[in-house]
Amino acid sequence: MNQHMPPEPVPFIDIGAQRRRLGKSIDEAVGRVLAHCQFVNGPEVTALEQALAKFSGAQHVVSCASGTDALLMVLMAENIGRGDAVLCPSFTFCATGEAVALAGATPVFVDVDETTFNIDPASLTRGIATAKRLGLKPKAVIPVDLFGQSADHDSVAAIADAEGLFVLDDAAQGFGASFKGRRLGTFGLATATSFFPAKPLGCFGDGGAIFTDDAGLAETLRSIRVHGQGSDKYDNVRLGLTARLDTMQAAILIEKLRIFDDEIAARNVVADRYARGLGNVVTVPRLAAGCTSVWAQYTIRLPKGVDRDGFAAALKAQGVPTAIYYPKSMHQQTAYRDFPVADGGLGVSEALSNDVISLPMHAYLDEAAQDRVIEAVRGAVSA
Ligand SMILES: Cc1ncc(COP(=O)(O)O)c(C=O)c1O
């Protein structure tokens, strides 16, 4: 090897390694769909929903076309709309608040906890008061299990119960994690997840699912995902969407779900090793009591005085890619800055948007690659 060649970059996520591991089983699963040709509503869709119900412990699973649709469909099913407020954290991917606005309601942004990056119960309480003061009707809260760690579902449930709100858990990043020994998918009225390829459980395109123990809601969601279809196919009984998960993606997900627990364990090994190697130079993520993570992202906070762009460039020069989730919290983004924020402001979200940076994380990151990441971070912080 030419000693002046830069090292091969460490993959930020490695869908290829997983693809190689699953090889034949995925090919065969796709081949079965190609053979039976039921590309929409094929048998794999029902089989996946059953497998996801067993995995999560939820009674009903309704697969759909994306995580965004999963959120929107629940809001539509619950008739959330104009004049309603839905509380959601600002430090999240835009889809959380976007679904609320698409439903015609008002997202009210609340702050997050400094150590877990998940919804801050005190700010949630303030956000509900803010919504009322503005003449909105607070109807729901969407906690997000950000970067893979479950939110504090006990605190969220206590506030939601006291205020008569329903909880829609956004587990797009956290599906597979648990809170106090219970898997996500079983908290609140419903849980939404995403199967976008980069998610811990991802398909080979777009996909999502909704989990609920409410049989009536599940039935409504099944109607909404096909244009609000009633018992007669051509008598639509409500507004809906084209929001089905296609059979090919379901077939792929069935195979991926078989190794998901093993991959979650592998991600946790990487996270533990990162924490040991980096804990004394940067702020490493911490799991709150009772919470587990599937490590959708491994997101550190840089010490004051370390320039984030310079840090990212130094890592890149060592073949270590990074990403910033999220350089702007939702309330700082053009499309969302006119929506209300909880009284007291969103100082933690804003601080996080300034100093977080995510490192390579996936189930196939070997120790040599982990060491390269650790050394590159340590070198860049001390430079
Ligand atoms: C927190 C969160 N919510 C919702 C979504 C939306 O999922 P999708 O991209 O499948 O629409 C995502 C994924 O990108 C997400 O990270």
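Select the ligand first: it sits in the largest pocket, where "sits in" requires that more than half of the atoms of a molecule lie within 2 Å of the grid points of the pocket. The model is predicted, so local features need pLDDT of at least 70 and side-chain atom pairs pLDDT 80 or more, while totals for chains, interfaces and linings use all residues. Residues are numbered from 1 along each chain as its sequence is written, and side-chain values use heavy atoms, with hydrogens and water left out.

**The largest pocket**

Display the pocket as a surface; its volume is about 440 Å³. A pocket is defined on a 1 Å grid over the protein atoms alone, as an open set of points with protein on both sides within 12 Å along at least five of seven lines; a cavity is a set of points where a 1.4 Å probe fits but cannot get out, and lining residues have an atom within 4 Å of a point. Grid points are joined across faces, edges and corners, and a volume is the space filled by probe spheres set on the points.

Next, select Phe93, Gln173, Ser194, Phe196 and Lys199, which are the closest to the pocket centre among its 25 lining residues. At least two lining residues come from each of α3, α4 and β8 (190–194); these are DSSP runs numbered from the N terminus, helices being H or I of at least four residues and strands E of at least two. The lining comprises 13 nonpolar, 9 polar and 3 charged residues. In this classification Ala, Val, Leu, Ile, Met, Phe, Trp, Tyr, Cys and Pro are nonpolar, Asp, Glu, Lys and Arg are charged, and the others, Gly among them, are polar.

**The ligand shell**

At aspartate 170, a polar side-chain atom lies 2.7 Å from a ligand nitrogen atom. At glycine 67, a polar backbone atom is 2.8 Å from a ligand oxygen atom. At lysine 199, a side-chain N or O atom is 3.0 Å from an oxygen atom of the ligand. The ligand taken alone exposes 380 Å², of which the protein buries 92%, with areas from the Shrake-Rupley method and a 1.4 Å probe; for residues, only the protein chains shown count as cover.

**The cavities**

The structure holds 2 cavities of 30 Å³ or more. Select Ile15, Gln18, Lys199, Pro200 and Arg267, the closest to its centre of 15 lining residues. Two or more lining residues come from each of α1 (15–36) and α9 (260–278).

For the second largest cavity, of about 90 Å³, select Thr116, Phe147, Gln149, Pro285 and Trp295, the nearest to its centre of 13 lining residues.

**Two backbone stops**

Go to tyrosine 325 and tyrosine 326, joined by a cis peptide bond with omega of about 10 degrees. Tyrosine 326 belongs to the loop between α10 (308–317) and α11 (347–355). Finally, select asparagine 41, a non-glycine residue with a positive phi of about 60 degrees, in the loop between α1 and α2 (43–56).

Note on methods. Polar contact = N/O pair within 3.5 Å; in protein donor to acceptor, adjacent residues only side chain to side chain.
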